[in-house]
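Have a look at the structure first, then read on.

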Amino acid sequence: MSRARQTVTLTADLVILTIRGGVLCVLLVERKNEPFRGRMALPGGFLRGDESLEETAARELAEETGLDAGALKLQQVGVYSAPDRDPRRPRVVTCAYLAIAPNLPVPVAGSDARAARWMPVAEATDTVLAFDHDRILADAVELARTLLQFSTIATAFCGPEFTIADLREVYEAVWGVVLDKPNFHRKVTDADGFVVPTGGKRPSFTGRPAALYRAGEAAELVPPMMRSRFGA
């Protein structure tokens with residue numbers, strides 16, 4: 001094995017997840033330039049100047065899609081450094097970030113993206129993405145599914161106020177399961193600091209108004225919401 005030092009360039013890629021119409025969706029862009037011109041890809045780009053990788057991710061998100069990363073909390077998915085993951089030279093190593101948010105707008109393509117759109121994750125996983133973005137997307141979705149078990153991140157998919165049914169929709173969309181309504185309601189309301197009732201109600205045309213909640217102060221979910229217990 002050669003011990004020669006490698007010169008590498010760094011990029012940041014983003015997996016932005018939201019729920020649209022009850023479906024888990026990811027933000028993808030159509031590449032305008034080579035390599036992989038015309039192929040769908042995760043938004044991202046090269047580290048510049050004195051930027052941190054987080055700053056690179058935020059800038060690329062704005063340039064390629066018009067979305068503001070200021071309201072999104074970025075969480076590192078992993079570092080991807082396979083020698084053949086990018087045909088450009090010098091070798092390209094990327095750091096991938098996951099962000100989750102509700103009610104994100106329709107993206108506007110810019111910079112080196114020909115188009116930008118939300119795509120259902122199920123459809124995206126059947127699409128051959130540029131670079132190794134198939135793997136990055138799969139890793140990020142699995143991370144999101146795991147985080148839903150042990151943290152209160154599910155509320156990040158919801159607005160400032162939400163119903164238990166809204167929260168259940170998040171778990172069903174991300175995990176790809178149908179959950180028992182009474183059991184889910186009990187687990188959520190029994191978890192310390194997960195949700196807090198606002199005292200408000202959402203009117204319903206088909207039944208009694210639904211109680212509204214907001215995100216609690218807890219970061220960890222106690223007890224955890226294990227997928228295995230729901231048959232996921």
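1. Start with Phe36: it is partly exposed, at a relative accessible area of 24%. Buried here means under 20% relative accessible area, exposed means over 50%, and partly exposed is in between (1.4 Å probe, protein chains only). Phe131, at 15% relative accessibility, falls in the buried class.

2. A word on where this comes from: the model is predicted, so local features need pLDDT of at least 70 and side-chain atom pairs count only at pLDDT 80 or more, while totals for chains, interfaces and linings use all residues. Residues are numbered from 1 along each chain as its sequence is written, and side-chain values use heavy atoms, with hydrogens and water left out.

3. How many aromatic pairs are there? The count is three, where rings of Phe, Tyr and Trp (its six-membered ring) pair if their centres lie within 6.5 Å; planes under 30 degrees apart are stacked, over 60 edge-to-face, and the rest tilted. Phe36 and Phe131 make an edge-to-face pair, because their ring centres are 4.9 Å apart and their planes sit at 75°. That pair joins distant parts of the chain, 95 residues apart: Phe36 is in the loop between β2 (23-31) and β3 (40-41), and Phe131 in the loop between α2 (121-124) and α3 (133-150). Helices (H or I, at least four residues) and strands (E, at least two) are DSSP runs, numbered from the N terminus.

4. Now check Tyr171 and Phe184: with centres 5.4 Å apart and planes at 65°, their rings are also edge-to-face. Tyr171 belongs to helix α4 (residues 164-175) and Phe184 to helix α5 (residues 181-190), 13 residues apart.

5. Are these two buried or exposed? Tyr171 is buried, at 0% relative accessible area, and Phe184 is buried at 0% too. Ring pairs also bring in Trp175, giving a cluster of Tyr171, Trp175 and Phe184.
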